[in-house]
Amino acid sequence: MTSQSPDSPPLRQLVLKIHSRCDLLCDHCYVYQHADQSWQSRPTFIRPQTVRSVAARLADHVASRSLESVSVILHGGEPLLVGPARLRDICAELTGALAPLTVLDLRMHTNAVTLNRRHLDVCREFGVRVSVSLDGGRAANDRHRLDRQGRSSYDRVVRGIRLLQEPEYRHLFSGVLCTVDVANDPVAVHDALTELAPPRIDYLLPHSTWDSPPPNPAQAATPYADWLLAVFDRWERQGRPMPVRTFDSVLSTLRGGPPLTEALGLAPSDLAVIETDGTFEQADWLKTAYAGAPETGYDVFRHGFAEFAAHPGVQARQRGVEGVSDTCRRCPVVRSCGGGLYGHRYSSENGFDNPSVFCGDLRSLVEGIADRVTDRSFSPAVLGSAHLSWAQLELNRLLLRRARGQLASEPDWADAWRLLLALDTRPETARHLDAVLAHPYVRTSLQRSLRGPADTARFMSLAAAAALRAGTAATLSWDQPGTRLHLPTWGTYRLQAAGRIEVTVAPDAFRVREGGERDPVWVRLDEGPVSTRWRPLDRLPVQDGPLVDDADPYRDCYPFPVAPPLECGEFAERMARAYELLAKDAPDRHSDPDAFRPVVLTPLAAGSCLVLGTHGFGALGVAVDVTPEEFARELTRIGRRARLTALRETADLHRLGSPAGALLDRSDEALGRRAREEAAAALTALTLLPESELTPTGAVLVARLWSQWSIVRDGS
């Protein structure tokens, strides 16, 4: 019996078919209208004992892989046809088995034709998020999506969407799924969908293979890319009013992020499908390829998820770039495209060892988006560290303005925002505000708050820290969720308990009033700490010495664990010796405007050496056991990478997705190692690229790298 390797990617998504029939007769449906017709032999709806077996098998998988979350997507056919009572039984069984072990994300994909309040009351009870299939306005939708009597489905679907948008159900609406038909006007389709204000739109290519190519009525070279790019342009003009998963995935991968859909990118598949009879299948869109294509021979009564995950067909979709064809591996957009959806690669001649049947469209789409979003304006940040630091500060200010939108509904935030604005209006206080905003872990907190719930307490403490640094009197109150009140760039105050606090700031002092406390003690920064509850951050006693920040709650942004707050000064003493070595070995470093000067050192777990994290320019993670010699030797090398990373955060250096990105990395890293020949090869390749591949900022960077190479060559 096979088993899943503990090193293989876990399965995190289950498509559970709960009804095998449908009340529509869409002529592009991969379940009923393509090569595989196995639906005819399936039970009409999933039996209770099958659901119990599914829940038990998935619970075993969750426990064995220690999964923090798992998604179950209720699917069909049309899942609503099971009726509200059976739907509730299914959700209850899954929730009972999985909720004690993990975060269960229940979802449903439906045509919404029969969606009613009884269905939605069940969804509300179990938190089932609902996605609705709709192909545009009435004419576009009814081109394919008619019922079994040949009647329009449009009004019934829109009625279901309007019901989902009512206040008690609005949080359940996940988005709209739209299958692309190039015979429909792209802008009209997109406008019809955006008028419904869905929380997300997902444009899907019609399921096709090399044996059964997609429709192309105009015989255009790249009809699907042209269609999607017209939608992208409209979406951009609208100000991107909602996420569009296809576009967001391309935008993410172009900037080095993960793909956001299995249809694009190289992320390993984490999907299983279970049919109404309990059989395990690979992704069910493989039904497009040939009869039996998704079959595995496994079922939930005799097999577990580990055995399913070991199936060769499943593993073929987990091999990343090694799992695509030779043609795809040579393609410059493979990181974004990923060879397209696995099923779209099929031909009877070569199986799945082909590019996608949409190959030309996918490349044109990725390159078209890259051309549209690459910023070709010149950034002075490339000219030196002072310009780069300013650009980083401006980026933090932009992120703070965006975070303000999420914080606006918080009653305490208005006072903090007024304080920040007041500090920013006077030159003598604005520079102190800048000093706090430039702290690298402020960037980390901003990024996380924009991706998830905004950390109101963090931004209240940021405003208090800025006022304290500027010597401006202020009083702010807020709900502090923990017992550690951290003032960025200053230190940590230990509270008696979580709850409502009032922070009063005066020149060189502050006090914290908790609950019913009548006479809190002032902490005076110019006289040393007078309260055992205040722990200030230390600064290395050297020229341009960085802070040793071992307490900021957002310092956990490194690939290695952070060390707990230090109990003695041994780490700081070792770092001071490292800076003495730097001064001895590189006496001109202090006069070099481009030398990397960390503003924050954060102790990491032993063995981590020196690493950068996902934060602003100037923070450096340092292992608690690193020696002064290791620090001095590695600082220059890692400083180069820090500058290049920071520059990329504030400017586009090349057309997104261009091979210039990897060549810049190679040349910069080789110069850091003084590997002259390797650097010359990478820089020459950069120089020979078409002029359009580099932005003006990138072209200046390459020229500067050539100058550095010349110095390395002549000075060696």
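Predicted model: local features only at pLDDT ≥ 70, side-chain atom pairs only at ≥ 80, totals over all residues.
**Exercise 1.** Find how far helix α13 reaches from its first C-alpha to its last, and which of its residues are buried.

*Solution.* Start with the limits: α13 covers residues 359-373, which makes 15 residues. Next, take the span. The helix reaches 21 Å, close to the 21 Å expected at 1.5 Å a residue. Then turn to burial. D361, L362, L365, V366, G368, I369, A370 and V373 are buried. Finally, look for the cover: it includes α7 (223-237), α8 (245-254) and α12 (334-337).

**Exercise 2.** Describe how α8 and α13 are arranged, and list the residues that meet.

*Solution.* Two packed helices are described by the angle between their axes and the distance between the axes. Distance: the axes of α8 and α13 come within 10 Å. Angle: they cross at roughly 70°. Angles of 65 to 115 degrees count as roughly perpendicular, so α8 and α13 are roughly perpendicular to each other. Now the residues. From α8 come T246, F247, V250, L251 and L254. They meet L365, V366, I369, A370 and V373 of α13. By class, this contact has nine nonpolar residues, one polar and no charged.

**Exercise 3.** Determine the span of α14 and what its buried residues pack against.

*Solution.* Helix α14 runs over residues 385-407, with 23 residues. Its reach is 32 Å, close to the expected 33 Å. The buried residues include L388, L393, L395, L399, L400 and L407. Q392, N396 and R397 are also among them. Their packing partners are α15 (413-425), α16 (427-437), α17 (440-451), α18 (456-470) and α20 (628-650).

Definitions and conventions: Residues numbered from 1 in each chain as written. Heavy atoms only, no water. Helix = DSSP H or I, 4+ residues; strand = E, 2+ residues; numbered from the N terminus. Expected span 1.5 Å × (residues − 1). Buried < 20%, exposed > 50% of the residue type's maximum accessible area, 1.4 Å probe, protein only. Contact = heavy atoms within 4.5 Å. Axes fitted to C-alpha atoms, helices over the stretch in contact; angles between N-to-C directions. Parallel < 35°, antiparallel > 145°, perpendicular 65-115°, else oblique. Nonpolar A, V, L, I, M, F, W, Y, C, P; charged D, E, K, R; others polar.
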